[in-house]
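Subject: Structure handover

Hello,

Here is the structure you asked for. Please open it next to this email and follow along.

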Amino acid sequence: MRELEKIYIFDTTLRDGSQTQGVNFTLDEKIRISESLNKLGVDYIEAGWPGANPTDTNFFNKKYNLNSSLVAFGMTKKSGRSADNDPGLSAILNSNTKSVCIVGKTWDFHVDVALGITKEENLENISETTKHFVKNKREFMFDAEHFFDGYKNNKDYALQCIRAAYDEGATWIILCDTNGGTLPFEVEKIVSDVVKIIPGNKLGIHTHNDTENAVANTLSAINAGARQIQGTLNGLGERCGNANLVSIIPTLLLKDFFKKKFKLKIKENNLNYLTECSRLLDEILNRKPNNHAAYVGSSAFSHKGGLHVSAVEKNPKTYEHINPEIVGNRRSVVVSDQSGKSNILSRLDSLKIKIDKNDPRISKLLDQVKDREFIGYSYDGADASFELLTRRLLNQVPDYLKIKKYEVRVHKNLDDIDINSEAKIHLNIDGKDIVCEGTGNGPVHAIDSAIRKNISKIGKYGDYLKDLKLLDYKVRILNTGTNATTRVLIESSDNSGSIWYTIGVSPNIIEASFRALLDSIDYKLFKEKAPANI
Ligand SMILES: [Zn+2]
């Protein structure tokens with residue numbers, strides 16, 4: 001059997017990804033992300049630019065116990081001074097990483113316009129910088145910025161630039177599509193040309209997603225011979241993002257075309273950490289995960305409609321390209337009023353609820369779903385509320401917070417710009433009456449903070465609810481006129497990274513929100529196996 005060639009995965013979430021508008025990782029967050037990437041098993045973690053800001057400098061000052069190699073980033077030396085006297089290069093050397101990645105210009109237009117130096121000076125900056133790091137025993141990688149645009153504009157010069165680094169001992173030359181405008185067939189052709197000069201096992205690819213082709217361009221480059229991939233988690237990156245490693249990694253490991261030729265440091269069984277790794281980044285960024293993300297999105301393996309569901313029941317291959325568990329995701333069966341018994345059974349199965357398929361309670365559940373959908377509920381996107389409904393019917397969910405009554409007051413002084421809301425919730429826990437009060441900029445916020453700000457008051461349930469987070473809140477008015485019904489959908493999460501959706505419906509928006517919120521709390525308590533209220 002032919003030996004499989006290795007593809008190296010180089011993550012740049014903490015460097016190029018952090019260029020994104022609104023992203024500013026703290027030192028702790030950088031450490032958490034590095035640990036997560038290390039657990040996934042990437043080869044290289046580009047962690048930042050030592051000397052550029054205190055966070056990056058501090059990051060490199062610490063010691064880590066990682067299997068992945070940390071990479072320090074910087075740019076080629078400045079014109080008019082030697083590499084030894086360039087403070088930027090010194091900061092990188094002082095960070096003491098085994099590997100360094102240095103970006104330099106390869107597009108003559110940029111050399112003229114952005115740097116304002118001669119083409120020869122730029123070549124010298126590249127070769128001198130390479131020599132400097134090779135002499136200091138670093139694994140040297142050269143990020144050839146704007147390589148594809150440079151190649152199209154002045155092929156000879158772009159190639160001279162990468163030769164300047166390669167001839168001085170660079171381990172990797174990474175071809176960058178910095179503006180993200182190159183298309184997959186162009187990437188394939190250009191990389192095939194470059195491979196004639198520099199061997200593929202020395203070539204990397206770094207793409208941006210400005211034509212939604214960053215992943216496709218990466219795969220094309222591999223097909224043409226490149227053997228290192230640079231990208232970020234969830235495609236994080238400025239403008240339209242970088243190549244998404246969360247999509248590329250499972251494609252390389254699971255799709256026969258690549259699987260038969262290549263191996264990665266990441267083993268197939270590490271993939272079951274992929275979904276968690278992707279969601280951790282969203283959690284750190286306080287962003288709502290993309291439900292439709294390939295492989296890891298919560299809708300990536302969800303099925304709706306009787307026909308699809310009964311086919312998936314017979315064999316998941318009918319509507320799934322891979323088994324969701326391989327990437328740590330799960331199948332979800334969307335329940336709607338079009339659904340019959342097969343949807344319900346399949347949904348119960350995915351929730352791991354064991355019940356005989358002829359159990360009369362299944363028809364009862366189906367009736368309840370239909371009745372509730374008639375008044376405006378939709379369990380399509382409310383998996384946790386569906387699970388609670390089912391388990392309550394099966395007597396598996398104890399009573400937790402006993403809410404006896406709640407009051408909400410909204411008030412505004414006309415000469416005041418703020419509208420204030422206050423909520424008061426009367427609870428009974430283990431026979432004790434408790435009153436929780438909260439304020440907020442809106443009534444729902446006030447109800448939420450009445451519970452959240454009084455965690456210590458709510459006795460044995462407080463600890464379970466500490467890390468509960470509301471990610472998103474959506475309101476929909478179902479019919480027009482004075483009899484309008486409001487449907488509220490809440491998306492929640494906690495420190496484990498799991499995400500659940502709950503729903504509430506009522507003619508009153510506060511009551512609809514309250515029900516959705518209470519389901520979210522009940523679901524969290526159920527998930528944590530909290531004890532019953534006595
Ligand atoms: Zn980039």
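A residue counts as partly exposed when its relative accessible area falls between the buried limit, under 20%, and the exposed limit, over 50%. Asp472 has 22% relative accessibility, so Asp472 is partly exposed. Please keep in mind that this is a predicted model.

**Salt bridges**

Asp472 has a charged partner. Lys474 pairs with Asp472 in a salt bridge, with 3.8 Å between the closest N and O atoms. Lys474 is also partly exposed, because its relative accessibility is 42%. Elsewhere, salt bridges with shared partners connect Asp467, Asp494, Lys524, Lys527 and Glu528 in one network.

How many salt bridges are there by this rule? The count is 35. Two more of them deserve a look.

Are they buried or exposed? Both Glu46 and Arg15 are buried.

The second pair is Arg239 and Asp210. Their side chains form a salt bridge at 2.7 Å, N to O. Arg239 is in the loop between strand E9 (228-231) and helix H10 (245-254), and Asp210 is in the loop between strand E8 (203-207) and helix H9 (214-224), so the pair ties together parts 29 residues apart in sequence. Asp210 has a relative accessible area of 27%, so Asp210 is partly exposed.

**The zinc site**

Which protein residues are donors of the zinc ion? They are Asp16 (OD), His206 (NE2) and His208 (NE2). These donors lie 1.9 to 2.2 Å from the zinc ion. Their spacing in sequence is D-x189-H-x1-H. His206 is buried, because its relative accessible area is 4%. His208 is buried as well, at 3% relative accessibility.

The largest pocket has a volume of about 1400 Å³. It is lined by 50 residues. Which of them are closest to its centre? They are Ser298, Arg330, Ser332, Asp383 and Ile499. By class, this lining holds 14 nonpolar, 18 polar and 18 charged residues.

The second largest pocket holds about 490 Å³ of space. Its lining has 25 residues, and Phe73, Met75, Val103, Lys105 and Glu145 are the closest to the centre. Four elements each supply at least two lining residues: strand E4 (69-75), strand E5 (99-105), helix H5 (119-135) and strand E6 (139-145). Which element gives the most? E5 does, with three residues. By class, the lining of the second largest pocket splits into seven nonpolar, nine polar and nine charged residues.

**Cysteines**

A disulfide is a covalent bond between the sulfur atoms of two cysteines. By the rule used here, this model has zero disulfides. Take Cys161 as a case. Its nearest cysteine sulfur belongs to Cys176 and is 12 Å away. Cys161 is buried, because its relative accessible area is 0%. Cys436 also counts as buried, at 0% relative accessibility.

**Loops and backbone**

Most residues other than glycine have a negative phi. Two residues here go the other way.

Asn96 has a positive phi, near 60 degrees, and is not a glycine. Asn96 lies in the loop between helix H3 (87-94) and E5. Asn96 is exposed, because its relative accessibility is 60%.

Lys529 has a positive phi of about 55 degrees and is not a glycine either. Lys529 lies in the segment after helix H19 (509-527). With a relative accessible area of 71%, Lys529 is exposed.

Where is Asp415 placed? It is in the loop between strand E13 (402-411) and strand E14 (420-429). Asp415 is exposed, because its relative accessible area is 79%. Asp415 and Leu89 are 59 Å apart in space, C-alpha to C-alpha, and 326 residues apart in sequence.

Best wishes

Definitions and conventions:
Residues numbered from 1 in each chain as written. Predicted model: local features only at pLDDT ≥ 70, side-chain atom pairs only at ≥ 80, totals over all residues. Heavy atoms only, no water. Salt bridge = Lys/Arg side-chain N within 4 Å of Asp/Glu carboxyl O. Buried < 20%, exposed > 50% of the residue type's maximum accessible area, 1.4 Å probe, protein only. 1 Å grid on protein atoms, 1.4 Å probe; cavity = no way out; pocket = protein on both sides within 12 Å on 5 of 7 lines; lining within 4 Å. Points joined across faces, edges and corners; volume = space filled by probe spheres on them. Nonpolar A, V, L, I, M, F, W, Y, C, P; charged D, E, K, R; others polar. Donors = N, O, S within 2.8 Å, 3.2 Å for Na, K, Ca; no water. Disulfide = S-S within 2.5 Å.
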